[in-house]
Amino acid sequence: EQWQVSDDLQTSKIVPETFDDETWFAELHVDFEISDALTLTSITSYSEREILDILDDTPRFRDFTLSAGGMCGDIRGACVGGNNEVPVKGVPNINDTELTRFSQDIRLSFRSGDRFSGVIGAYYEDDQRYFVSDLPIPGWDAWTLTDIGSYYGYVPPSVIEDSEGIDNTFHGIFDINTEQYAVYGEISFYTGDFELTVGGRYFDYDQDSFLDWAGWAQFGRDILDESFGEDGFNPKASVTYRPNDDTMMYMSSSKGFRIGGVAQVINPAFCEGELADLGIDGIPTTVESDSLWNHEVGFKSNLFNERTKIRAAAYHIDWEDARNSLNLQCGWIVEFSDLQVVSQGAEIEIDSALTENLTVSFGLGYTKSELDQDADSVNAPKGTPTPYTPELTMNAMFNYVRPNTFNGMDWFLRGDVTYVDEQYTELGVNGPVERRVIPDSTVGNLYTGIGGDGWDLSLFVKNVSNELYFTGADFDRRQPFHYTVGRPRTIGVMFQFGL
């Protein structure tokens, strides 16, 4: 029986949701000075990460199995044995992810007096991702095979070759290996107070993917064995002006990209018609990379004998073929790269030492991010704001320190406050998933304690005003619509040290 929620900060879980994350990382950084003007650098890194998380999928599967059980009498006739009971007490959505990454970066830095400097290099990366997802329900196979037959011909994973175990409503494998090669370089010229830098990066990557999805959630079994690759060139250029030792101004333009890959498996029997209505021919198996141009101007300045530092910037970003995902009515998710987005904004940060004991900082950011063209696939016209992009953000902080307060130890009092403007949860206004507004929020934190050389012990109060604020939304497993709630007021003790 499901426990009833009666308060804002309560949630109902049939299955305990757990999250385990283990990471192992190693890096070898070697600098070899060939001469006063040449330095050879090698950076080798290797990492392994394993993530095991369990989510509660009970509500969704209870709804599904109740409707399936009802079909026994309404559509298929009486079930075998006449048993319409659904054996769903708790459904853990088990996700096991293994990530392995190796990278090698070799670069040569050079300098010629005060006239120019630069760097040329080569980069290699091997990224392997292996993800397994399971949805076990005790008694599931007996119910599906005995009580309601094969349910329109679809069978559970336990009777499919190479599946994992019995009583598993879904078994999914994502095995993705990406290799990337790149060469890059840049050169800077100096003349008077000006510095001109030009450079670029050529990349070439290949991705081999194997996806195997089986079970009732997939209505059978789908296998996708696909390879995908792209190459391209990303240039950059910047101009820097330093009128004095305390001021720097700059302009820059650079191009970046995000690699594409293999798309999620989509069942053609249920989704082909809906995809055709969206103007998508067939079943997409790959998603191409997207790219953007970032144009920025800014300055940095030190005032009052470097007691105050100001950093400000304004930017304009053209995002081409931006990736988006759409929850289809058929139950699957389609990914595509056809959105054109323009983002522009400005930000400023000020840090100031008001006294020898008291420092303060302030930050303000403004962003306007919206579609630059109509996006029919998500029912969004030109000018639609992009999701999770607040227009206004602000933050302020103070840090007061009294040295040698207790037996040579320092006493400190710190505080910070952050404001985040309202934002949208979805891009489309008429899609299968309703677009909601995440309200604005203001959250403050306080810390006080003692510290020494490289360590401190503090008592903290986070979210001092106990603000009820939201960080996201969940449309899938929790029905009805469910906001992701930020942490309420939290009081604790924290110890930090550095080696």
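Modeller: In this predicted model, the side chains of Lys236 and Glu186 meet in a salt bridge, with N and O 3.2 Å apart. The pair links distant parts of the chain, since Lys236 lies in strand β7 and Glu186 in strand β5, 50 residues apart.

Colleague: Why is the contact between Lys236 and Glu186 called a salt bridge?

Modeller: The rule asks for a side-chain nitrogen of Lys or Arg within 4 Å of a carboxyl oxygen of Asp or Glu. The N to O distance for Lys236 and Glu186 is 3.2 Å, so the pair meets the rule.

Colleague: What makes Lys236 count as buried, partly exposed or exposed?

Modeller: Buried means under 20% relative accessible area and exposed means over 50%, with partly exposed in between. Lys236 has 37% relative accessibility, and therefore counts as partly exposed; Glu186, with 28%, is partly exposed too.

Colleague: How do you know that Arg311 and Asp351 form a salt bridge?

Modeller: Their closest N and O atoms are 2.7 Å apart, and because the cut-off is 4 Å, the label applies. Arg311 belongs to strand β12 and Asp351 to strand β13, 40 residues apart. Salt bridges that share partners also join Arg311, Glu349 and Asp351 into one network.

Colleague: Which label does Asp351 get for its accessibility, and why?

Modeller: Asp351 has 30% relative accessibility, so it counts as partly exposed, and Arg311, at 28%, is partly exposed as well.

Colleague: How many salt bridges does the rule give?

Modeller: The count comes to 11 salt bridges.

Notes. Residues are numbered from 1 along each chain as its sequence is written. This is a predicted model: local features need pLDDT of at least 70, side-chain atom pairs count only at pLDDT 80 or more; totals for chains, interfaces and linings use all residues. Side-chain values use heavy atoms; hydrogens and water are left out. Helices (H or I, at least four residues) and strands (E, at least two) are DSSP runs, numbered from the N terminus. Buried means under 20% relative accessible area, exposed over 50%, partly exposed in between (1.4 Å probe, protein chains only).
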